Each structure stands twice: as structure tokens, then as C-alpha cells.
Amino acid sequence: MADYTPLVQIFRDKIKTYQENGKKIFASSSFQSHSLPMLHLISQIDASIPVYFLNTGYHFAETLAFKEEVARQFGLQLQEAASPIPKIAQRDANGLLFFAKDPDYCCYLNKTLPMEPMLAAYDVWISGVRRDQNANRSRFEYEMPGKYGTLRFHPMLEWTNAMIARYLKDHQLPQHPLEGKGYLSVGCEPCTQSVAQMNAQNEREGRWAGLKKTECGLHTDLVAQ
Ligand code: SF4
């Protein structure tokens, strides 16, 4: 089933309700191919909603260029956030950057920590997580309480890969330049492998390959317990 139309209407209706109730809204995105339906819909519903990119300093050059091109093409209000901790202070006793020995702490410093000011400043956080991405996200709801009183809104939760592909085709949206090389989920360069080269099945198996880690913390630590 690739008809995404009813899910688009839910997205529109929710944004309208938040705005009628005076809620301050922001979105975050990692600017991958499968992020584009949500970003395109934001540009159609209200292009003034700020879209934050968490710049860890470890992204592929292709992602940084793609982000700029998509934001320009869609007319998005692109914002960037980065860790308040300089990279020189993100090393262990042997001088190794934390992603090599303690990726959870590296993700905390470069993803979770920079997101906290937005959670304090806004009422609603639009995040493009999907239920079929992993076990953690399969338990999510459309709306969930986030940390610091923020409401998490997950408009893409029920979207399937078929719906994403259909939307991209229907609207002739561009493709992340690494997707053609088998990078179906693109995060930071040190922690991302090509799913095609791994012969993996799930798009997220290329993230933190070989580790039990499946999330960076945005969708675990920043969910209110
Ligand atoms: Fe660090 Fe890797 Fe997490 Fe990026 S994905 S913040 S490099 S541990």
C-alpha cells in the first residue's frame, strides 16, 4: 500500500491545530533521501517552520552539500546546531576522538546536547522517525512527551518505504548522492557503512555496524520516561 494521501492530511491537520493553539514548532532532519517527503511537506504546509540540522562535524561532504541544495530548492528555513564542546575536548586519555571508543558519549556530545536548547525554546518537535526503522521506533506514537516539556510529533511514523519511494517519484525529488552507492541510512562518516557493501537487509544496519548501538540518543534519551 503506497497511498500516502491520508497521512499527509494528518500532518497538515496537526500543524494547523498546533498553530491555532499558539505552539512554537520546529523540525529536525538529517537530510537523507528518505527525509525529503517530510521536508517537502513542511515547505508546502508552512515554510517558515525552522528546520534544524545537527552538525556533528563528522558528516559526509555529500550530506552537507545535499542539505544546502535541498534547503535552497524547497525554500526551507534551515538552521544549524552544533555541540558546545569543542572537538579538542572530545578525546579520551590516549587522544582518541570519542567516536572510536565511546560512541554513546560522542553522540551525547554532538547530537543530544545540541538539541537541548531547541527543546527548551519550542513547544513541538517534528521528527521524521518511522515505525519500520527499528524496534525502538516501532513502539512510538504520533505524539509523545519529550524532554523539557516538548511535545514530540512524528508525522512520518506510519510511512513505509513504498510510500517514501512513491512520494519521491511523484514529486521528482532528488536523491542523496551516496544512496546510489548503497548508503540507505546516512549518518556520520565514521559510523556509517554502505548497506549494499555489507549485504545487509535493513537500511539501518549500516549505522554503527558491529555494535549493539542502534540509536544516537535523540529518540531514546530525549523521550520523556
Ligand atoms: Fe559521534 Fe558516530 Fe555519534 Fe556521529 S554517529 S556523533 S561520529 S558516535
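What follows is a working chat about the predicted model shown above.

Trainee: Before we start, what kind of model is this, and how are the residues numbered?

Mentor: It is a predicted model, in which local features need pLDDT of at least 70 and side-chain atom pairs count only at pLDDT 80 or more, while totals for chains, interfaces and linings use all residues. Residues are numbered from 1 along each chain as its sequence is written, and side-chain values use heavy atoms, with hydrogens and water left out.

Trainee: OK, how many helices and strands does the protein have?

Mentor: There are 8 helices and 6 strands, where helices (H or I, at least four residues) and strands (E, at least two) are DSSP runs numbered from the N terminus. Along the sequence they follow the pattern α-β-α-β-α-β-α-α-β-α-β-β-α-α. The radius of gyration is 17 Å, close to the 17 Å that the globule rule gives for 225 residues, so the protein is as compact as a globular protein of that length. That radius is taken over C-alpha atoms, and the globule rule is 2.2 Å times the number of residues to the power 0.38.

Trainee: And what box do the C-alpha atoms fill?

Mentor: Taken along the principal axes, the box is roughly 55 × 40 × 35 Å.

Trainee: How much of the protein counts as buried?

Mentor: Of the 225 residues, 49% count as buried, with buried meaning under 20% relative accessible area, exposed over 50%, and partly exposed in between (1.4 Å probe, protein chains only). Residues 24 or more positions apart account for 71% of the contacts with a separation of 6 or more, a contact being heavy atoms within 4.5 Å.

Trainee: Switching to strands, which ones does E1 pair with?

Mentor: Strand E1 (residues 25–28) is joined to E2 by 2 bridges, and the two run parallel; E1 also pairs in the parallel sense with strand E4 (residues 124–126), over 3 bridges. Two strands are said to pair if DSSP finds at least two bridges between them.

Trainee: Which residues stand opposite each other there?

Mentor: Towards E2, Ala-27 stands opposite Val-51, and the bridge partner of Ser-28 is Tyr-52. Towards E4, Phe-26 stands opposite Trp-125.

Trainee: Are the faces of E1 covered or open?

Mentor: Both faces of E1 are covered, with Ile-25 and Ala-27 on one side and Phe-26 and Ser-28 on the other, all of them buried. Strand E2 (residues 50–54) is mostly covered too, since 5 of its 5 residues are buried: Pro-50, Tyr-52 and Leu-54 point one way, and Val-51 and Phe-53 point the other way.

Trainee: Where does the model put Thr-63, and what does Thr-63 contact?

Mentor: Thr-63 is found in helix H3 (residues 61–74), and Thr-63 is buried, with a relative accessible area of 0%. Leaving aside neighbours within four places in sequence, Thr-63 is in contact with Ser-30, Phe-31, Phe-53, His-176 and Val-186.

Trainee: Phe-31 is on that list; where does Phe-31 lie?

Mentor: Phe-31 lies in the loop between E1 and helix H2 (36–46), and at 0% relative accessibility it counts as buried. Its phi is near 55°, a positive value in a residue other than glycine.

Trainee: What about Tyr-148, what is its phi?

Mentor: Phi of Tyr-148 is near 60°, again a positive value in a residue other than glycine, and Tyr-148 is found in the loop between strand E5 (143–145) and strand E6 (151–153).

Trainee: Now Gly-182: buried or exposed?

Mentor: Gly-182 counts as buried, at 8% relative accessibility, and is found in the loop between helix H7 (161–170) and helix H8 (195–198). Gly-182 and Ala-196 are 14 residues apart in sequence and 4.6 Å apart in space, C-alpha to C-alpha. Beyond its neighbours within four places in sequence, Gly-182 is in contact with Ser-194, Val-195 and Ala-196.

Trainee: Last one, where is Ala-209 and what does Ala-209 touch?

Mentor: Ala-209 is found in the segment after H8 and is partly exposed, with a relative accessible area of 30%. Not counting residues up to four places away in sequence, Ala-209 touches Gln-193 and Met-198, whereas the C-alpha atoms of Ala-209 and His-171, 38 residues apart along the chain, are separated by 33 Å.
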